[in-house]
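Look at the model below and follow the chain from its start.

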Amino acid sequence: VPIDAVTASGSGLDPDISIANALDQAPRVAHARHLSLSHVISLVHRCTSGRQLGFLGEPVVNVLKLNLALDRLG
């Protein structure tokens, strides 16, 4: 289980989750939205941003951007 799936920041309002967390949730999202798993995984990768300044932190998935992309599908 990705660590950010069981913890939260001080504010609890982080707009991003780890790629591992997003991919862990992808099968449930695909099933709930009646989409193929490969389509959801593709969207996860499209909504992933790289490290800050090219070297700080880890790549993350923007949850708002991903949800909006999923909503546009239907």
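Two strands are said to pair if DSSP finds at least two bridges between them. Strands (E, at least two residues) and helices (H or I, at least four residues) are themselves DSSP runs, numbered from the N terminus. This is a predicted model, in which local features need pLDDT of at least 70, side-chain atom pairs count only at pLDDT 80 or more, and totals for chains, interfaces and linings use all residues. Residues are numbered from 1 along each chain as its sequence is written, and side-chain values use heavy atoms, with hydrogens and water left out.

The protein chain has three helices and three strands, and along the sequence they follow the pattern β-α-α-β-β-α. The radius of gyration, taken over C-alpha atoms, is 13 Å, close to the 11 Å that the globule rule gives for 74 residues, so the chain is as compact as a globular protein of that length. The globule rule is 2.2 Å times the number of residues to the power 0.38. Along its principal axes the C-alpha trace spans about 35 × 25 × 20 Å.

Start with the sheet. The three strands form an open sheet in the order β1-β3-β2, with antiparallel pairing. Its edge strands, β1 (16-18) and β2 (48-49), each pair on one side only. Three bridges join β1 to β3 (residues 60-62) in the antiparallel sense, and isoleucine 17 stands opposite valine 61 in β3.

Next come the helices. Helix α1 (residues 19-33) lies across β1, β2 and β3 and runs at about 85 degrees to β1. Here axes are lines fitted to C-alpha atoms, for helices over the stretch in contact, and angles run from 0 to 180 degrees between N-to-C directions. Contact means heavy atoms within 4.5 Å.

How do α1 and α2 cross, and at what angle? Their axes come within 9 Å and cross at roughly 140 degrees. That makes α1 oblique to α2, because angles under 35 degrees count as roughly parallel, over 145 as roughly antiparallel, 65 to 115 as roughly perpendicular and the rest as oblique. The contact is made by Ala22, Leu23, Ala26, Pro27, Val29 and Ala30 of α1 and Leu37, Val40, Ile41, Val44 and His45 of α2.

Helix α2 (residues 37-46) also packs with helix α3 (residues 63-72), at an angle of about 140 degrees and with the axes 9 Å apart. That makes α2 oblique to α3. In this contact Val40, Leu43, Val44 and Arg46 in α2 meet Lys65, Leu66, Ala69 and Leu70 in α3.
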